[in-house]
Amino acid sequence: MLDKEFKYFLDHQDELVKEYNHRFIVIIGEAVVGDYDDYEQALFESVKKYTPGTFLIQECAAGEEVYTDTFLSRVIFA
């Protein structure tokens, strides 16, 4: 489930940021097949060319923040 594509992004993040900083890149396998200004454009153009579920759209920027989300909750477990 897109593990190969995400691993490629992580392994090459520094070099990808140099080329695609603050763009949304589309990755299939171990190749960038597109880059766009925003997520919606990346998705719209990619589904025209590729089967959904076969490509990863990833914001390309430095740091873990581009692929990590933190969710806070007020739930208390007793």
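Trainee: In what order do the strands of the open sheet lie, and with which pairing?

Mentor: A word on the source: this is a predicted model, where local features need pLDDT of at least 70, side-chain atom pairs count only at pLDDT 80 or more, and totals for chains, interfaces and linings use all residues. Residues are numbered from 1 along each chain as its sequence is written, and side-chain values use heavy atoms, leaving out hydrogens and water. Strands (E, at least two residues) and helices (H or I, at least four) are DSSP runs numbered from the N terminus, and two strands pair if DSSP finds at least two bridges between them. Here the 3 strands follow the order β2-β1-β3 with antiparallel pairing; β2 (31-36) and β3 (56-60) are the edge strands, each pairing on one side only.

Trainee: How many bridges join β1 and β2?

Mentor: Strand β1 (residues 23-28) pairs with β2 over 5 bridges, and Phe24 stands opposite Tyr36 in β2.

Trainee: Which strands does helix α1 lie across?

Mentor: Angles run from 0 to 180 degrees between N-to-C directions, with axes fitted to C-alpha atoms, for helices over the stretch in contact (heavy atoms within 4.5 Å). Helix α1 (residues 3-20) lies across β1, β2 and β3, at about 40° to β3, while helix α2 (residues 39-49) packs on the sheet, its direction making about 130° with that of β2.

Trainee: Is Ala62 buried or exposed?

Mentor: Buried means under 20% relative accessible area, exposed over 50%, and partly exposed in between (1.4 Å probe, protein chains only). Ala62, in the segment after β3, has 55% and is therefore exposed. Leaving aside neighbours within four places in sequence, Ala62 is in contact with Gln13 and Val17.
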